[in-house]
Structure formats: C-alpha cells, structure tokens
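Subject: Structure for your review

Dear colleague,

Please find below the structure that I am handing over to you. My findings follow directly after it.

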Amino acid sequence: MEYTRLGTSGLRVSRLALGCMSFGDASRGFSDWALDDDAAAPLFRQAVELGITFWDTANVYGYGSSEEIVGRAIRSYTSREDVVLATKVFFPMHEGPGGRGLSRRAIMEQVDASLSRLGTDYVDLYQIHRFDPETPVEETMEALHDVVKAGKARYLGASSMWAWQFQKMQHAAEANGWTRFVSMQDQYSLVMREEEREMMPLLADQGVGSLPWSPLAKGRLTRPWSDQHTQRAETDPLQSRYSGEVNEPIVSAVQRVAEARGVPMAQIALAWVLHNPVVTAPIVGATKPHHLADAAAALELTLSEDEARALEEHYTPRMPSGF
C-alpha cells in the first residue's frame with residue numbers, strides 16, 4: 001500500500017480509502033444491499049491486510065448503523081491508533097432541530113452521536129456531507145472549528161458542492177482564524193469529470209486533497225455495458241446516474257483497454273482516477289473480496305498516454321450530479 005499526505009496537511013493516509021456506505025443494518029431502511037457485521041468482517045480484515053487504513057463513513061449511512069459496525073470492526077480487527085477515521089454530517093437523522101443540516105445545533109449534536117456510535121473520542125476527519133444553503137457559512141465554520149478545538153476532530157473536510165460554495169466557506173474560515181478544510185470528497189470518474197473544470201484547479205491551488213466518491217460509477221465501469229444485473233443496480237436509485245447511453249462508449253473503452261492489458265476493468269478505471277495529481281485517495285466501496293484486491297492492484301498500474309486518450313476521448317460535458 002502507498003501512503004501520502006492529505007492535501008498539504010500533515011495527515012498521512014493510505015492511497016485508497018475504504019468506503020463504508022456498504023455496511024449497515026438493512027432493517028433500518030437505508031439500503032437493501034448493506035452488509036451486516038458478519039458479512040462485512042472479511043472485508044475489514046482484508047482492508048487491514050492490504051494496509052488500507054483510511055476508513056470513511058457517515059452518520060446517515062445505514063441511519064447510524066454503518067458507524068456502529070465500523071466502530072466494532074476497529075475494535076475487532078485493528079486498533080484506533082492505526083486507523084484514519086472519517087465521518088460526515090448533513091443529511092437527516094431525525095426531525096428535531098439538530099437532526100439535519102449544518103447549524104451549530106446540528107453539528108454539535110451529530111458529532112457527539114457519531115462519536116458514541118463509533119466508540120471513540122475523536123475522528124481524524126470530520127466532513128460536511130453537502131453545502132447547507134439555509135445556514136450562514138460563518139455559523140457552520142465556527143461550529144466546526146469549535147469541534148476541532150474540543151478535540152473531537154483532528155481535521156475538517158467537505159463534500160459535493162459548487163466550487164464557489166467551497167471557496168466561500170474556506171474564506172470565512174481564513175478571515176476569522178478558524179480551521180479550514182483539508183479535503184474535498186467529490187464525485188469523479190471517467191463518466192463524471194465535471195470537477196476538472198473548476199473544483200480540481202481550486203483544490204490544487206489551495207493544497208486541498210481530493211477524495212473521489214464513486215470512482216467506478218457504482219460499478220458501472222467494472223463490467224461490460226450489456227451486463228447491468230447486480231443486486232445494487234436493481235435496488236439503488238442512484239444507479240440511474242450512470243445508465244445513460246452517453247456512457248456506453250466510455251464503458252466500452254475501459255473494457256477494450258482492460259482486455260488488452262489482461263486485467264479487470266475496475267483496475268483500469270481506478271488507475272485513471274489515481275493518475276490525477278489532485279487525487280489523494282479514491283473512496284472504494286467493497287461488498288466482495290475482489291473489490292479491494294482490484295483497487296490495490298490499480299496502484300501498480302500506469303496507463304500510457306494512448307490508453308488514457310482512448311479512455312477520455314468519448315466524454316461529453318454534462319450537468320454535475322450528486323449535490
């Protein structure tokens with residue numbers, strides 16, 4: 001496993017992050033394909049064996065149950081000191097005034113709830129899951145700064161917003177001497193490259209690391225276009241984000257390069273994401289053992305200029321999605 005700093009911060013993370021949205025209690029209604037403790041155990045053990053020490057979850061995943069499972073996995077298969085632990089806040093957890101959004105009330109309530117479920121005193125990276133247009137950015141950034149000063153988080157990150165919104169929040173922090181974001185968890189893959197226009201140049205300029213989510217387009221880039229039959233593809237409404245016919249030539253290009261290389265498509269698609277110098281660690285959601293193995297193998301794969309050109313040439317501009 002390779003390790004690097006998260007942006008220009010001093011925090012060292014593995015070059016792959018274990019995405020934990022796949023883990024949870026399906027009975028809580030978040031997803032039908034979530035893995036419980038027993039089903040997730042082999043994946044956590046494999047992550048430890050591969051050296052994937054950066055684990056990313058969120059309060060809303062499994063409506064709290066993902067954090068509970070992750071906390072138990074840390075205690076069972078590794079140690080708190082050996083894991084860089086990240087979680088998020090924004091989406092609804094309950095109907096009360098502190099149950100959603102990025103108000104001071106919500107941030108203070110939800111960080112304590114997350115720490116309780118995770119069974120830890122602090123998280124390494126506390127991320128806002130989306131931009132909150134209903135709360136002044138100064139209120140949000142000061143509350144996040146207070147979370148850091150209270151020792152409940154070591155670093156702050158953001159996710160999925162327009163570049164001007166991210167810059168507005170960074171400016172509020174800088175102007176008031178508050179803690180700034182060191183990472184941006186954004187959607188980035190061969191079928192969604194809109195972040196290249198404004199967000200990634202901004203991240204490069206400010207020394208902020210990118211943590212791409214859905215780098216494999218929820219599996220759409222890991223199998224031939226004609227093969228769409230997976231449990232998640234049939235039950236996850238967000239899969240439709242990648243089903244448009246405009247993506248077929250991109251998926252087919254990944255298939256051709258992978259076949260020429262004699263490797264799985266997932267390795268090619270992820271190697272392309274890792275090639276971007278702004279990318280620190282793609283978020284890899286795993287439900288089967290080969291998912292993490294393919295991700296680790298992608299770190300050793302260097303694409304040629306011709307291969308990269310073949311993968312990129314069919315992309316057309318589209319509306320960003322996911323925020």
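**The sheet and its strands**

Tyr 126 has Leu 156 of S7 as its bridge partner. The model in which this pairing occurs is a predicted one. The two strands concerned are S6, residues 123-128, and S7, residues 153-159; they run parallel and are joined by 4 bridges.

On its other pairing, S7 is linked to strand S8 (residues 181-185) by 4 bridges, and these two strands also run parallel. Within S8, Gln 185 is the residue that stands opposite Ser 159. Helix H4, formed by residues 137-149, packs on the sheet and touches S6, S7 and S8. The direction of H4 makes about 150 degrees with that of S7. As for burial, S7 is mostly covered, since 5 of its 7 residues are buried.

These strands belong to an open sheet of 8 strands with parallel pairing, in the order S9-S8-S7-S6-S5-S4-S3-S10. Strand S9 (209-210) and strand S10 (283-285) stand at the edges; each has a single partner strand, so one side of each is left without a neighbour in the sheet.

**Two helix pairs**

Two packed helices are described by the angle between their axes and the distance between the axes. Both pairs below are reported in that form.

The axes of helix H1 (residues 37-50) and helix H2 (residues 65-77) cross at roughly 55 degrees and come within 10 Å. H1 is therefore oblique to H2. The crossing in which H1 passes H2 is right-handed. On the H1 side, the contact is made by Asp 37, Ala 41, Phe 44, Arg 45 and Val 48; on the H2 side, by Ile 69, Val 70, Arg 72, Ala 73 and Tyr 77. Sorted by class, the contact of H1 with H2 comprises 7 nonpolar and 3 charged residues, with no polar ones.

For helix H8 (residues 248-261) and helix H11 (residues 305-312), the axes come within 8 Å and cross at roughly 155 degrees. Angles over 145 degrees count as roughly antiparallel, which means that H8 is roughly antiparallel to H11. From H8, the residues Ile 250, Ala 253, Val 254, Val 257 and Arg 261 meet Glu 307, Ala 310 and Leu 311 of H11. The contact of H8 with H11 divides into 6 nonpolar and 2 charged residues, and no polar residue takes part.

**Two individual residues**

Is Tyr 61 buried or exposed? Tyr 61 has a relative accessible area of 8% and is therefore buried. This residue lies in the loop between strand S4 (54-56) and H2. Leaving aside residues up to four places away in sequence, Tyr 61 touches Cys 20, Met 21, Phe 30, Ser 66, Lys 88 and His 129. Between Tyr 61 and Thr 87 there are 9.7 Å from C-alpha to C-alpha, with the two residues 26 apart in sequence.

Lys 149, by contrast, is exposed, with a relative accessible area of 63%. The C-alpha atom of Lys 149 is separated by 9.0 Å from that of Thr 179, a residue 30 positions apart from Lys 149 along the chain.

With kind regards

Definitions and conventions:
Residues are numbered from 1 along each chain as its sequence is written. This is a predicted model: local features need pLDDT of at least 70, side-chain atom pairs count only at pLDDT 80 or more; totals for chains, interfaces and linings use all residues. Side-chain values use heavy atoms; hydrogens and water are left out. Axes are lines fitted to C-alpha atoms, for helices over the stretch in contact, and angles run from 0 to 180 degrees between N-to-C directions. Angles under 35 degrees count as roughly parallel, over 145 as roughly antiparallel, 65 to 115 as roughly perpendicular and the rest as oblique. A crossing is left-handed if the near helix is turned anticlockwise from the far one by less than a right angle, and right-handed if clockwise. Contact means heavy atoms within 4.5 Å. Ala, Val, Leu, Ile, Met, Phe, Trp, Tyr, Cys and Pro count as nonpolar, Asp, Glu, Lys and Arg as charged, and the others, Gly among them, as polar. Buried means under 20% relative accessible area, exposed over 50%, partly exposed in between (1.4 Å probe, protein chains only). Two strands pair if DSSP finds at least two bridges between them.
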